[in-house]
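Keep the sequence and the 3D view open as you read.

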Amino acid sequence: MRGQAYTLEGVLAAIVVVTATVYGLSAVDTGPFQTGTQQRIAALETRASDTLSLAAETGALHNATACYSVGTPTLNGNQTGSSTEFEMMLNRTFDRQGNQYNLYLSYWNSDSSARQTALVSQETGENVADRPADAAVATETVTLTDDMPARIGDCSGTGPPLSAVDGYFAPDAEPDSVVYNVVEVRLVLW
Amino acid sequence: MVASERGQLLLIGGIAVAIVVFSTILFAHSLAVTDGITTTGSADTIERSADREASVERDLGVLAARTRGDDLDGFEERYENALRNYTRTHNRVVASSGGTYLNATLNESASLGNVTKQPSTDKFLEPSGGGGASWDIATDVAPVVIFNITVDDVDGTGNPTTIVVENGTDDWTMTLDGTPPGTQKEILVNGVSRCSGSGTARINLLDGTCEIAGSSGTFPIFTDELEGPYDITVEHGAQSDVRYRFAAVGDFPDSNYGPTDIGPYPVVPAVDTTYDTPSASYNRTVRVEVDDG
């Protein structure tokens, strides 16, 4: 009789321990610990990545890329007053929230080592150098073809084909192909 | 306590301890798995992979549209060439930022679509010769990427040749009429005259344009009027002499076509892609949504 009591007590104790373990694990955050800075960077990265993805989906990013440096550029890093759809997205999402960013357009140029151009959200040339090391980064690529029209005005109007535009920032990387160049748009945000 | 009771107690106690230890191991393992998949780095890797794939698939669609254009012939070769140049430039650009190695090749066997054509003037009948009253070019069709008809002559007597596009609830018709018979033609869409004149009629059913002897007209296209998929039928095809090209995804009835009358054509191209990143390496075959935008 006493043996049965001990057995029952042992089983009950085991159940209590297992149940406590289950409740304990479900009550705590099992994710890795993050400092406040890491959480802030992660949030910025998500916003930057979402903004670029959305701009790519709607075509605003393509228009901005095909517009940059063509004629009188409207994509110019202004914090306010831009009429370019992509820059308005950046203004609304980041400038108005007190965030700053640099935008880098990387492309292929076999004839030169200059394969990147930068656009800053502040009207200071030093901003590129000022960006902190813990900034968030997001990238998206835009593929350009020879017969794609350059974008003019507020980047929604169509101009001549890219391959016929003088002074466009990216050269024809594949002259024997329909592919004109691939531009990687990198948004560095802090 | 007798010896048998003590032994029983020790046995049950041992089992209870074993259950606790085993359960703890299980929970610890699930904790490790949960920790692994909820790590910020892992979540970022998954999200970036999804973004990268979406971006590449958009580019593949743009390239397909640009290389296809209005020229049916040689699309596969042009697209293959564009994919080679695209991946080379893509890899050069993203490599400088520690990115991804990408390879993309056209997978013709996994692509969807067929093409049929009548390159020299003949009656608008089944390629196998039948279908005088009516015959199906294809059924359950969507999408259509090429549908051009060149009308050289119409009979002008009896019922005129009519192309009927149906989706189960509504229909769209194009009538190839002509009086007197011969080169005099009139193209009617849903009963409304859109082009007329004397000479060869060139009709693009997807652009909604027709042209006879330099005089052109436009008409509403079936893809705007009806939702797919479509059944496309030719009625009274013996009344006209035509050349045509038709490429689409759909069912091309075996009874209407011989083995050489239809061929594969990548209306919806499939592309084998390889992604090689610092954190993951994998292959995917994707069907490309051709983007004309």
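**Where the chains meet**

In this predicted model, 38 residues of chain B are in contact with 38 residues of chain A. The points below start with the chain B side of that contact.

**Chain B side of the contact**

- Three elements of chain B give two or more residues each to the side that touches chain A: α1 (3-38), α2 (40-68) and α3 (75-95).
- Which element gives the most to this side? It is α1(B), with 15 residues.
- By class, the chain B side that touches chain A has 14 nonpolar, 17 polar and seven charged residues.

**Chain B overall**

- Chain B holds four helices and 14 strands.
- Its radius of gyration is 31 Å, whereas the globule rule gives 19 Å for 293 residues. The value for chain B is well over that figure, so the chain is more spread out than a compact globule.
- Along the principal axes, the C-alpha atoms of chain B fill a box of roughly 120 × 55 × 35 Å.
- Of the 293 residues in chain B, 31% are buried.
- Take the contacts in chain B with a separation of 6 or more: residues 24 or more positions apart account for 67% of them.

**Chain A: α3 against α4**

- Helix α3 (residues 60-67) of chain A packs on helix α4 (residues 85-93) of chain A at an angle of about 115 degrees. Their axes are 7 Å apart.
- Angles of 65 to 115 degrees count as roughly perpendicular, so α3(A) is roughly perpendicular to α4(A).
- From α3(A), the residues in contact are A60(A), L61(A), N63(A) and A64(A). They meet E85(A), F86(A) and M89(A) in α4(A).
- This contact has five nonpolar residues, one polar and one charged.

**Chain A: α2 against α4**

- Helix α2 (residues 36-58) of chain A also packs with α4(A), at an angle of about 155 degrees. Here the axes lie 11 Å apart.
- An angle over 145 degrees counts as roughly antiparallel, so α2(A) is roughly antiparallel to α4(A).
- The crossing of α2(A) past α4(A) is right-handed.
- R47(A), T51(A) and A55(A) of α2(A) make the contact with F86(A), M89(A) and T93(A) of α4(A).
- By class, the contact of α2(A) with α4(A) has three nonpolar, two polar and one charged residues.
- F86(A) and M89(A) of α4(A) take part in the contact with α3(A) and in the contact with α2(A).

Methods. Residues numbered from 1 in each chain as written. Chains lettered and ligands numbered in written order. Predicted model: local features only at pLDDT ≥ 70, side-chain atom pairs only at ≥ 80, totals over all residues. Axes fitted to C-alpha atoms, helices over the stretch in contact; angles between N-to-C directions. Parallel < 35°, antiparallel > 145°, perpendicular 65-115°, else oblique. Contact = placed C-beta atoms within 7 Å. Nonpolar A, V, L, I, M, F, W, Y, C, P; charged D, E, K, R; others polar. Rg over C-alpha atoms; globule rule 2.2 N^0.38 Å. Buried ≥ 20, exposed ≤ 12 C-beta atoms within 10 Å, placed from the backbone. Left-handed = near helix turned anticlockwise from the far one by under 90°.
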